[in-house]
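I opened a new notebook page for this protein.

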Amino acid sequence: IKSATAKKDGANYIVTIVLNEQVNPAYDDADGLVKMSREFLAYADVQKTVKEDPTVSKIVKDLDGEIRYIDYTITAKMNSKGEFIEITHYGVGYIKATINGSINASGELEFNAKYTDFKY
């Protein structure tokens, strides 16, 4: 975790967690992004698509690259009993790739998720 803050908001609290920069997180890693969220794209998923999706594999024969997450942020609104009212995830995956050994590409993939209606 890069930073964590909490502030009072009326009768509730707002907790904000900013995660450290992570490159190519995988679902089986024990790092912050994987523990805190499933709202990200794992590089292994991209590699699997390139290999197994016949539409993609017709065009992309070789892929090398990375997905970098910087300042992935989770914001939680909680009541005074510590119960969640709302949780929001926000992150951008910065993608760099070399396709078929010679085509360089880059892009950004934005992730947003909002969880509400918790039952206690």
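My entries follow, from the overall layout to single pairs.

I am working with a predicted model, where local features need pLDDT of at least 70, side-chain atom pairs count only at pLDDT 80 or more, and totals for chains, interfaces and linings use all residues. Numbering runs from 1 along each chain as its sequence is written, and side-chain values use heavy atoms, with hydrogens and water left out.

**Layout.** I found three helices and seven strands. These are DSSP runs numbered from the N terminus, helices (H or I) of at least four residues and strands (E) of at least two. Along the sequence the pattern reads β-β-β-α-α-α-β-β-β-β. The radius of gyration is 18 Å, well over the 14 Å that the globule rule gives for 120 residues, so the protein is more spread out than a compact globule. I took that radius over C-alpha atoms; the rule is 2.2 Å times the number of residues to the power 0.38. The C-alpha box, along the principal axes, is roughly 55 × 25 × 25 Å.

I count 26% of the 120 residues as buried. Buried means under 20% relative accessible area, exposed over 50%, partly exposed in between (1.4 Å probe, protein chains only).

Seven bridges join E1 to E2 (residues 12–18), and the two run antiparallel. I call strands paired if DSSP finds at least two bridges between them. Asp9 stands opposite Asn12 in E2. Two residues separate the strands, and Gly10 takes a positive phi near 65°.

**Charged pairs.** I count six salt bridges, each a side-chain nitrogen of Lys or Arg within 4 Å of a carboxyl oxygen of Asp or Glu. Glu21 and Arg68 meet at 2.2 Å, N to O. Glu21 lies in the loop between E2 and E3 (22–23) and Arg68 in E4, so the pair ties together parts 47 residues apart in sequence. Arg68 also meets Glu66, at 2.9 Å. I log Glu21, Glu66 and Arg68 as one network of salt bridges. Glu21 is partly exposed at 44%, as is Arg68 at 24%.
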